[in-house]
Structure formats: C-alpha cells, structure tokens
Amino acid sequence: MAIRQLSETLINQIAAGEVIERPASAAKELIENALDAGATRIEIATAGGGKALLRVSDNGSGMDAADLELAVRRHCTSKISETLEDIRTLGFRGEALPSIGSVARLSIASRKRDSTGGHEIAVTGGKIAHMRPAAANPGTIVEVRDLFFATPARLKFLKTEKAEAGAITEIVKRMAIAFPAVRFVLSGSDRTTLEFPATGDDHLARMAQVLGKEFRDNAIALDAVREEISLTGFAGVPTFNRGNSAHQYAFVNGRPVQDKLILSAIRGAYAETIPSGRYPVAVLSITLDPALVDANVHPAKSDVRFRDPGLVRGLIVGAIREALARDGSRAATTGASDMLRSFRPGFQPNTQRPQVGGWSAETSPSRPYQPTTGFGERPQASFDGLSMPTARAEPQFSPQTAAPEPNARYPLGAARAQIHANYIVAQTEDGLVIVDQHAAHERLVFEAMRKALHSKRLASQVLLIPEIIDIPEEDCDRLMQHAAELSELGLAIERFGPGAIAVRETPAMLGEVDAHGLIRQLADEIAHWDTASGLSAKLEYVAATMACHGSVRSGRRLRPEEMNALLREMEVTPGSGQCNHGRPTYIELKLSDIERLFGRS
C-alpha cells in the first residue's frame, strides 16, 4: 500500500481527538489563551453543555489581522521560540484553535487595545473563511458552535448536557483559584450564572469563593521551600474532609494539573488522620524552574513530569504534615454546625407533641417534671457516681501533679464533667468542648508509639531459613539501593544472585509476614515513586491498631485529674484533633452558638 501525505484538515481532526476530548477541553484551551493575553475579565457562556455553544470573551491584548490569520493555523504560537525548556505560559503548542476549527464552527473576533477597529475570521470543519472587518471591543471573543459536527462519532462518547456543563464549571473553578486577580463569569441557558469577582492578591478569599466560606475557617497555610522548589497554598484540617477528591487542587507554575504524584502525596500526608473513603481539602501551588518540569507530556497539558519526583513528593508530604502538627489538632468548625443542627426543640409550642420521630416523652431523660413522680431520690440515682471536676488543669495523668501556673491558658479548657462514662465536657474561655475520651487517648498512644518507631532501629525477627524471592533484576537493584533504610525498619535483605532477594529478618511487630508479597509490593512502590514508605506505613498501621486496644476505653470513669491531664496532653500532641481512624476527637461549641440555641442572639 502506497504511503501518502494526509490533508491538513485530517491532520487537525486527528489532533483534535487528543487536544479536544469534550467541551470542557475546548473551554480550558480558550481560557488559557485569554489568560496568556493578560485578560483581567473573562466571561464564558455555554448552551447545551458546551456542545451547542461555547463563547469565551476577554479584555486581553487582542490580535490584529495578521495574528488572526496565523492563530487558526496549526503550530503557530507567540508563546515559545525554539525550545521547550523555558515554558512560562499556559498554552504553547499552537494546536487548540485549528483543532477546534476542524471539528466545529469557529469564529474569532479580536481587536488590539491600540487599534481603531477589529477583525473576524471563521473556520468551519477545517475550512478557513476570508478575513473581514468587525466591530469589537479591545480583547478577543472566541465562539464555538456545534462542537464535533464534523466528527459525529465523537458526539456519541460525550455525556449528558448536565454532565458536560458541570465539567466546564470545574475547569472555570480551577482557573479561578489559580488566578485570583481575574474576574470570571460563567453563564448560559443551561446553567445558573456563576461569578467569581477578582480578589487581587488575596488567594484565600478566592478559595473561599470556590470552596465555600467554611474553607477559610478550616484551612492551614502552607509555605515551604526545598532546594529550588517552593510550595504554597492551604490544606484543610483533617476533620474538614469530603466524600471525593474533587476538592483537591494542584497548580504547577500557575498551571492547573491533575497529577497522580501530587494527589498521592496529599493522600500520604493525611495518612492516619482521614477516615477511609473520605478525602482532604487542599489547594497546592508548586513553583519551580520551568527547566525542572516537563509540561509537554500530554496534549491536554493536564499532566506534568518532574525531573526529581521524589523531591516534589517529599516537599508536599513534609509541608502538610508540619502544618498539621503545628495547627491541625483543632476541630473543624463544621462540627459545631452539625451539632447545632442536631439540636431540636423537644415539643411543638401548641400541641406539646414531640417533633422528632422515635422520641418518647415518657422515656426521655429530659422529660418534663411529673408531679406524681417528683424529683426524688430514684431519678437522681444515676448521678450518684458523677465526678465533680474543678477548674484545675493538671499537665500529667497523675493526681499528685502540681497545679499549673495561675496565668496559664489552655485551648481545651478545664474539665467540668464526664457524661455517660465516655465524654468529657470542658469549659473554655469562650465556650465548651466535648471530648471523646477513647478516641483522644487512642491518638495520644499512637503518636507516642510512632515517635518510638522512628527514634531507633525496630526490633527484628531472624528467620530460621531465609526466604528467597525471585523478582526481576531491575527490581533487585532498586531494593538493594534501599537496603539500609529497610534494615532500620527491621527488614534485612541480601542479594541472592542476579534475579533474587534473600530475606533474613522481618520486623518483629508484624509477626508472621508474607515475605513474598511484602517484597514485591515494596519493589513496585520503589519503581513507581523511588521510595520505600510502604513498610513504614504498614508498621504504623500496626501501631495504630495496638494504640486502639491500649487506650482509655469507653465506659471507664475518669477522675478530674485524669480528665484535665488528657486535655493538656491533647494540646501538645500533633494531630490530636482526630483519632487514628480519622474521626474527630472533640467538638468545640462557642458561647455565641449556645446563645443562639436559646434565641439570645
């Protein structure tokens, strides 16, 4: 079969299959062009989920007739010269506009700021129409109609209009977070108008617009530098989490990305602090020399490749864990909101009937005073053993410890009562705190065990007969590079020929170990991230399980000194705001919240 040159239109349609996967892809490319043009106001309008109409208007630098003529031709760009080593713009491939024009009806009207008139050019199914003068404001308006009309097969793979409109919304949100100084407006017949006013240099204010005002109250600032890479942004406290990872945003040199390495680092940083099936909320911005990152991995530019991925991952994990240790022990403000919502008046004003299903006036411990029964000895019997703590706040778990300094301030306050032999009620300066004693002590024990875990070599168990595991030679090489690190964790390995590893010692904490599975899992992880954190995480999981069984149990009566000592230790222990399973250890209720319950505010 003879080889022939493909037509320009067919080449563009093939490229469109990679660059323009759906309406949201087209929206992303057009918004990036507007931002590269220096726009401070970008308006996006859609219809039919972006399939019928996608219009992006901006007040950027605009284009003249010569620029417009080149803009719709393949591989024409003003953003790079002769090298891919110094990419400082969002777009640079010169594929977006010709790709869109090859599968849709594309029109571009633009005017330079210093020009008296504008021009318009149209591309329909890859055919470029003649340039013509047009009335236009300074900036550019790109209108895409009937996306994929020239490639009907592509339409079959698109989702519903609602789903496609939602994908465009997500793109706009990511761009809005990355560029807080730009005003974004998203409107159309298929949606309610969404507007993000410019917030200037106040990144947190823009994040609050996108992620909700609760994020501002539950975010911890990040600011870390390692070698030539800097990390800024905000990470939510562990108890402020979501049911999916859609609220995790990452940016590399201002470019929104969905990189697996970054998402994995976020997940690793929150290990043992988030419940299974829940995801943290985080916004990370990584800045580094463009030569140290490859943004040309995929035509959509959503993936990047770092020259030193281990350095980037370590920076993210270290920065988030340091922030959580510094300020992550506080409870999420949403806990108080959920608590307030759970409070409901027991009776309706007129009928004196319970409002909540399953509530019984006869069995409720808060039932009204009954003259026939009286408030006698029998109803009070269950309170006989109740501890009556004072305001003293002892620093240790011992009744003999000395009293604290008179002017000392304690965020978790002083214990006032223990209810249902499980919850400690403490009074703070401006409210009260309710502590789950088992969850709190579980976290304290786990942190103590983890500290011991990393302070010295772990005890190991010598195998009577070494386990020989056959694995590829390259995996053997990677494992032996980390042999010293694995030895510190109690796993002693040796090379046994070109394609085998001999396991001579295993960590005593793990008991009986599936050495074959463990070695293969470590080899896979090291090949992927060039780290050996899997074994460490497994040991920490064992430590967490032991901590759970060695903690103060629910149902145990605590003395006032013990309760106050628990509060003091929580205040100085990193991550004490949630247990090893990610559940909150305490809920804080401000005095203003309590007054709201009684209608006093």
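View 1. Gln427 is partly exposed, because its relative accessibility is 43% (buried means under 20% relative accessible area, exposed over 50%, and partly exposed in between, with a 1.4 Å probe and protein chains only). Gln427 belongs to strand S20, residues 423-428 (helices, H or I with at least four residues, and strands, E with at least two, are DSSP runs numbered from the N terminus). Leaving aside residues up to four places away in sequence, Gln427 touches Gly413, Ala414, Arg416 and Leu432 (contact means heavy atoms within 4.5 Å). Arg416 lies 11 residues from Gln427 in sequence, with a C-alpha to C-alpha distance of 6.5 Å. The side chains of Gln427 and Arg416 are joined by a polar contact of 3.2 Å (a pair of N or O atoms within 3.5 Å; within protein, one must be able to donate a hydrogen and the other to accept it, and residues adjacent in sequence count only if both atoms are side-chain atoms).

This is a predicted model, in which local features need pLDDT of at least 70 and side-chain atom pairs count only at pLDDT 80 or more, whereas totals for chains, interfaces and linings use all residues. Residues are numbered from 1 along each chain as its sequence is written, and side-chain values use heavy atoms, with hydrogens and water left out.

View 2. Five of the seven residues of strand S1 (residues 41-47) are buried. Six bridges pair S1 in the parallel sense with strand S8, residues 183-188 (strands pair if DSSP finds at least two bridges between them), and Glu43 stands opposite Val185 in S8. With strand S2 (residues 53-58), S1 pairs in the antiparallel sense, also over six bridges; Thr46 has Leu54 as its bridge partner in S2. Five residues separate S1 and S2 in this hairpin, and Gly48 in the turn has a positive phi of about 60 degrees.

**View 3. The five-stranded open sheet.** The strand order is S10-S11-S16-S13-S14, with mixed pairing. Strands S10 (219-226) and S14 (255-257) stand at the edges with a single partner strand each, so one side of each has no neighbour in the sheet. S10 runs antiparallel to strand S11 (residues 229-236), joined by eight bridges; Ala219 stands opposite Gly236 in S11.

**View 4. Contact of helices H9 and H10.** Residues of H9 that meet H10 include Leu261, Ile262 and Ile266, and those of H10 include Val312, Ile316 and Leu324. The residues of this contact comprise 11 nonpolar, two polar and two charged (Ala, Val, Leu, Ile, Met, Phe, Trp, Tyr, Cys and Pro count as nonpolar, Asp, Glu, Lys and Arg as charged, and the others, Gly among them, as polar).
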